[in-house]
Amino acid sequence: MFFGRDKSLWKYVLLGVAIALLIGCHQGKFAAASQVRSRSDAQFLTREGHELLNQGKAEEALKNWSEATSIYSELGLPEGVTGSQINQSLALRSLGQYRRACMTLLSALKLDSGDNLFCKQPSEIELSSQKQLDLFKQALVKQKSSSVNAIGLRILGDVLRDIGNLEESQSVLQESLKMSERLQLSPDVNANLLSLGNTKQALYNKGIDLYERTELSRDRDYAIKIAEQAFGEYQEAVKQAENSPTAKVTQIQAKLNYLSFLLKYESWLKNENSKGNNSQLTQKLNQFKSQIQPLVDELLNDKDLFSNLSPIQAIYAQLNFATSLIQVSPENASIAIQHATNARSQTQELENKRAEAYALSILGDLYEQTNKLSFAENFTEEGVLVAQSIRAEDIAYQSQRQLGRIYEKQGKTEDAIAAYDAAIKTLDAVRRDLLYINGDLLFSFRSKVEPVYREAINLYLKEPNEEHLKKILEINDRFQLTELENFLQCDFIDSVSLEDTVNKLDRPPAAIIYTIILEKQNKLEVIVSVPHQSVPHHYSVPWNEVKSNISVLSSYLQNENLRNDNPNNTISPNFQELYKLLIAPAKTYLPKEGTLIFVLDSQLQNIPMALLQDEDKRYLIEDYSIALSLGSQIREPKFFPWKQSKALIAGVSYSDMTFPPDYRKLDNVEAELVEVGNNTVSKEILTNDNFTIEGFTNKLNASDFTIIHLATHGQFSSNAEKTFILAYDKPINVRQLDNLLRSKTQDSPDPIELLVLSACQTAKGDKRGGLGIAGVAVQAGARSTLASLWVVSDRSTTLFMKEFYQNLKAGATKAEALRQAQLAFLKNPNNNPEYKVYEHPYYWAPFILAGNWL
């Protein structure tokens, strides 16, 4: 948590006085005897509002500033209105109403374009993130230099960080800093440097979140670069504050934020360096580690450390410092607990329940770390109750998770399970607010949200009976949906339970195979659910063995040279090992044929299950058709009669837009579109310059299509900004796809039954690229999605799609149609001479079916 975020706003304590003085100077000439009282009342309300906010009474402060706004408006004093609206945003921010605070600031600063564009997430608008940022920068340069605007822009930068619009936050803070420097507002310059440090720390969190999904060196290097920029901003804030007596508060904030970030960064460097000796990381680790103890000593020796802070600021400062102290060394436990205890007492004096809930959570954590579990239990339990009493769900779910951990350490398994269930229930109830408009959680998903689900699953596995295994599947289902919502930054995804659905079907799958990674325990849990069998089967395999095989395969599969190698010498040994680990233990109870539904976790989503081989080198696809699922179905699975096939078929072989360097021209697109069209009942075809976003949208709106087939380059990535499909004129981002397709499916009684993306690929080196495929499938609202994990010869793709659609036309299910197309290349049963050159897995294995298999 940033010191000085939504709860600690003392750096604005002089704002009301400053604005009151500004209004008096600029507008005193308008005073009349009848107006003196009203203007004085507004100034009094402004000052009193800040006193209330500093005591943590944000709602009362908001009422004061709303009244002051009304008075200034009646008097025709525009700067008074602006200042009071800025003050209102402080109270709203303190209350956690970040979106409303943002909209209030846009209005105050005249940045509102009528639709509050800059307060919205990319998923809420049709513009790309870059376009949104460009428009924002254009609006910023029109701002006039004034003290009120400089202050307002700085607060807007903090609020934009709160809601997760980090690039916009950085831009507005840089503009505010320039304005403050021009006007020689030293305290505000310091405050801007602190805010920039906080925003760059948030950008670091975002970068680390991305790097943990991709493990790409460029993402790691970006995170390192932005972290060091954040340290630079904090250092400059401390340095400049030394020459400004009024900037003592900012200096304290900067030091405490520097320390907490230093500890986080040092921990990450240590973990990253443990993966392999890296001289650059070792050097950085030593460099930053050496700064920790001197800074701790400096803060401990400052007897007036908290005396300059407001009451509410002092509470969060002490809690922040306590958390840092225990991280530095267990020997600091007593002084850390003393600071946290003092902070808790101060929350009671202020009667600030939110601050008290947070203080109790910190005390529980400190006692847990010192292994005083009875104290930890008592404080954490009380913290949960206080958080629930004021509906502070962001504190409640973390305290419930903490309580579950403490119970587990005490051997109270049932109580621990109940606590984790409560944490997940809290997350489910409020995940839209927590993930959609809370930037801290949005970009700390891996560290603050994901562990709740995985720890709960591990706890249930201590006794893997029928009830617990079914509960694990339910938790895994909820986690995968939450992860996808976080990836897409979208509203709740409506879904139906896969387990509940399959048992109602006339043609259920042969089995559903769930994989769940528990990396800390070095386990991959496999749960096999066979329809109409009440008890799921379960076994564990070493995750490091699975992971090592995945790593080898990932380096092979997206390399075009693979097609020239004998698979027996390259990929087969690893796929055979994966078969032994994932499938062989279930062989005795798996049906001999049918459809296998895989619910894959994390890195496994990039691996085509069709290529798993048994000891006789028989591919899994030779016995089973295969489909992937989230664990929930976005639409209920059902068979699609081919006589209802009405296809919108589009493709790009060349473009006026420059293709990325590794995207070659697709010479056979026109032939592919013709083959698809020949096997559907009716069709509309868009080729090259006819396949613009506008042309595509117009066709979509003109008719109800049941099939969308796109033969064009695209990329699936764990970064939503880099998941796209190329139209002729520009890329269609995964979030924009929602506006194009989902709105159509919501208005139509007939959903898109099948979406085919025949020439897309997962981003090279991205271990979570499969998340992009799931994202596209969800955003399209299609019942089934056929996609490719890597791009193959577009001539072979044309033939493959011909086989696939002919199988559908003949009455096969989608999963079986895919299987038969793959076997046509692998086995060539009809002795088609052209197919002989395509028997290598490189040509047929990348195609995967997600969603409805029927």
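Me: Is Glu467 buried or exposed?
Reply: This is a predicted model, and Glu467 is found in helix H22, residues 466-488. The relative accessible area of Glu467 is 63%. Exposed means over 50%, so Glu467 is exposed.

Me: Which residues gather with Glu467 in a patch of negative charge on the surface?
Reply: A patch takes residues with over 30% relative accessible area and no salt bridge. Glu467 has 63%. The residues that gather with Glu467 in the patch of negative charge are Glu414, Asp415 and Glu463.

Me: Where is Glu351 found, and what is its relative accessible area?
Reply: Glu351 is found in the loop between helix H14 (333-350) and helix H15 (353-369). Phi of Glu351 is near 55 degrees, a positive value in a residue other than glycine. Glu351 is exposed, and its relative accessible area is 68%.

Me: Is Asn828 buried or exposed?
Reply: Asn828 lies in the loop between helix H31 (814-827) and helix H32 (841-844). Asn828 is not a glycine, yet its phi is positive, about 50 degrees. The relative accessible area of Asn828 is 10%. Buried means under 20%, so Asn828 is buried.

Me: What percentage of the residues in the protein chain is buried?
Reply: The secondary structure of the chain comes to 32 helices and 15 strands. The accessible surface of the chain comes to about 32900 Å². Of the 854 residues in the protein chain, the buried ones make up 64%.

Notes: Residues are numbered from 1 along each chain as its sequence is written. This is a predicted model: local features need pLDDT of at least 70, side-chain atom pairs count only at pLDDT 80 or more; totals for chains, interfaces and linings use all residues. Side-chain values use heavy atoms; hydrogens and water are left out. Helices (H or I, at least four residues) and strands (E, at least two) are DSSP runs, numbered from the N terminus. Buried means under 20% relative accessible area, exposed over 50%, partly exposed in between (1.4 Å probe, protein chains only). Accessible areas come from the Shrake-Rupley method with a 1.4 Å probe; for residues, only the protein chains shown count as cover. Patches are made of residues with over 30% relative accessible area and no salt bridge: like charges are joined within 9 Å, nonpolar side chains (Val, Leu, Ile, Met, Phe, Trp, Tyr) within 5 Å. A salt bridge is a side-chain nitrogen of Lys or Arg within 4 Å of a carboxyl oxygen of Asp or Glu. Lys and Arg count as positive and Asp and Glu as negative; His and the chain ends are not counted. The place of a charge is taken as NZ of Lys, CZ of Arg, CG of Asp or CD of Glu.
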